[in-house]
Amino acid sequence: MTGGVNLPLQLSQKEKMLLQDQQAHEDICIQKYTSYAQQATDPKLKQLFNSHAQQEQTHYDTVGQILQGQVPNMQQQGAQGQQQIGMSMGLGMNQSQFGLSQGSNDDQALCQDMLMTEKHVSGTYDTTIFECQDANVRQALNHIQKEEQQHGEGIFNYMKQKGWYQPQ
């Protein structure tokens, strides 16, 4: 066997289906974070949501690479994730698309929805990771899941600081 030859991934139908679901989840996260960043009244929350939207775009792109049969380079992903601006910024989405009333600029409700979303997305990565055959794909998805958990932690900490989340 010659070194440096990377054969394309051969994904099973189940892997493809789970990865397509994860990519759809990432798309929703991008849309929500982008929309909610525009709605948030606190500049710190706007910044948090914009940062998460950019990372979600990197996740979306990484899952797309895997679906195309490529193993992503995780060394480059961290640097790119910090610099990359999400392609879906400025989608023109409004609050009613995610069940929030028009004219309501409730930062607490935005945070509650995103925390719930991050819990769901992180949980669905568990199943996808366990179903993937390739160790490099599992590693890439574990990396994404860890970042999803960090997003949830950031929102949790913001809410706790504001007195909106009482863990007791």
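**Exercise 1. How close do the axes of helix H4 and helix H5 come, and at roughly what angle do they cross?** Classify the arrangement of H4 and H5.

*Solution.* The structure is a predicted model.

Step 1. Two packed helices are described by the angle between their axes and the distance between the axes.

Step 2. Helix H4 spans residues 107-131 and helix H5 spans residues 135-162; their axes come within 9 Å and cross at roughly 160°.

Step 3. Angles over 145 degrees count as roughly antiparallel. H4 and H5 are therefore roughly antiparallel to each other.

Step 4. The crossing in which H4 passes H5 is left-handed. Sorted by class, the residues in the contact of H4 with H5 are 12 nonpolar, eight polar and five charged.

**Exercise 2. Determine how many disulfides are counted, and state whether Cys111 and Cys132 are buried or exposed.**

*Solution.* Step 1. The criterion for a disulfide is a pair of cysteine sulfur atoms within 2.5 Å. By this rule, zero disulfides are found.

Step 1. Buried means under 20% relative accessible area. Cys111 has 0% relative accessibility and so counts as buried. Cys132 has a relative accessible area of 5%, so Cys132 is buried as well.

**Exercise 3. Classify the aromatic pair of Tyr36 and Phe49 and locate both residues.**

Step 2. Tyr36 belongs to helix H1 (residues 13-39) and Phe49 to helix H2 (residues 43-67); the two residues are 13 apart, and the pair links distant parts of the chain.

Step 3. Tyr36 has a relative accessible area of 0% and is therefore buried. Phe49, with a relative accessible area of 0%, is buried too.

Step 4. Tyr36 and Phe49 form one aromatic cluster together with Tyr33.

**Exercise 4. Classify the aromatic pair of Tyr158 and Trp164, and compare the accessibility of Tyr158 with that of Trp164.**

*Solution.* Step 1. The ring centres of Tyr158 and Trp164 are 5.8 Å apart, with 65° between the planes. Planes over 60 degrees apart count as edge-to-face, and this is the class of the Tyr158 and Trp164 pair.

Step 1. Tyr158 counts as buried at 8% relative accessibility, whereas Trp164 is partly exposed, with a relative accessible area of 25%.

Terms used. Residues are numbered from 1 along each chain as its sequence is written. This is a predicted model: local features need pLDDT of at least 70, side-chain atom pairs count only at pLDDT 80 or more; totals for chains, interfaces and linings use all residues. Side-chain values use heavy atoms; hydrogens and water are left out. Axes are lines fitted to C-alpha atoms, for helices over the stretch in contact, and angles run from 0 to 180 degrees between N-to-C directions. Helices (H or I, at least four residues) and strands (E, at least two) are DSSP runs, numbered from the N terminus. Angles under 35 degrees count as roughly parallel, over 145 as roughly antiparallel, 65 to 115 as roughly perpendicular and the rest as oblique. A crossing is left-handed if the near helix is turned anticlockwise from the far one by less than a right angle, and right-handed if clockwise. Ala, Val, Leu, Ile, Met, Phe, Trp, Tyr, Cys and Pro count as nonpolar, Asp, Glu, Lys and Arg as charged, and the others, Gly among them, as polar. Buried means under 20% relative accessible area, exposed over 50%, partly exposed in between (1.4 Å probe, protein chains only). Rings of Phe, Tyr and Trp (its six-membered ring) pair if their centres lie within 6.5 Å; planes under 30 degrees apart count as stacked, over 60 as edge-to-face and the rest as tilted.
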